[in-house]
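Thanks for making the time this morning.

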Amino acid sequence: MKQTCPSGKRLYLHEALAIDALIEANVQLPVGPNRGPVAIYQCDICGCYHLTSQGQMHPQLALLISEGKLAKMKRAAEWEKRLKKR
Ligand SMILES: [Zn+2]
């Protein structure tokens with residue numbers, strides 16, 4: 001399997017890794033309307049997974065948001081950043 005993709009997008013070898021990255025990307029995003037990746041897809045070219053900001057939101061991400069867990073993770077990440085700055 002190729003480790004790079006002509007699309008230039010970052011690739012993930014497994015679906016689970018892509019989902020982790022998708023959630024992490026959303027945790028790191030500033031609060032506001034959806035601007036980050038919302039879903040993952042398997043690439044026709046490289047066979048790996050990429051993140052996408054288009055299409056339907058991934059159910060796992062949607063669940064985290066509806067349960068308020070994403071907001072908690074965001075706050076935790078904020079604190080982590082502040083602590084690192086010291
Ligand atoms: Zn690809």
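Helix α1 runs over residues 15-28, and at 1.5 Å a residue its 14 residues should span 20 Å, which agrees with the 20 Å that separates its end C-alpha atoms. Please keep in mind throughout that this is a predicted model.

Which residues of α1 are buried? They are Ala 18, Leu 22 and Asn 26, and because these buried residues fall within an arc of 70° when one looks down the axis of α1, they line one face of the helix. Ala 16 and Glu 24, on the other side of α1, are exposed.

As for what covers the buried residues of α1, the cover includes the strands β1 (39-42) and β2 (49-52), together with the helices α2 (59-66) and α3 (69-85). If we take Ala 18 as an example, and leave aside residues up to four places away in sequence, Ala 18 touches Tyr 12, Ile 40, Tyr 49 and Leu 51.

That brings me to the largest nonpolar core, which has 9 residues in all, among them Ala 18, Leu 22, Ile 40, Tyr 49, Leu 51 and Leu 61; α1 and β2 each supply at least two residues of this core. In soluble globular proteins, nonpolar side chains tend to be buried together.

Finally, the two strands: β1 and β2 pair in the antiparallel sense over 4 bridges, with Tyr 41 standing opposite His 50 in β2. The two strands form a hairpin with 6 residues between them, and in the turn Gly 47 has a positive phi of about 80°.

How values were computed:
Residues numbered from 1 in each chain as written. Expected span 1.5 Å × (residues − 1). Buried ≥ 20, exposed ≤ 12 C-beta atoms within 10 Å, placed from the backbone. Arc of directions from axis to C-beta. Contact = placed C-beta atoms within 7 Å. Core = buried A, V, L, I, M, F, W, Y, C linked by C-beta atoms within 7 Å. Pairing = 2+ DSSP bridges.
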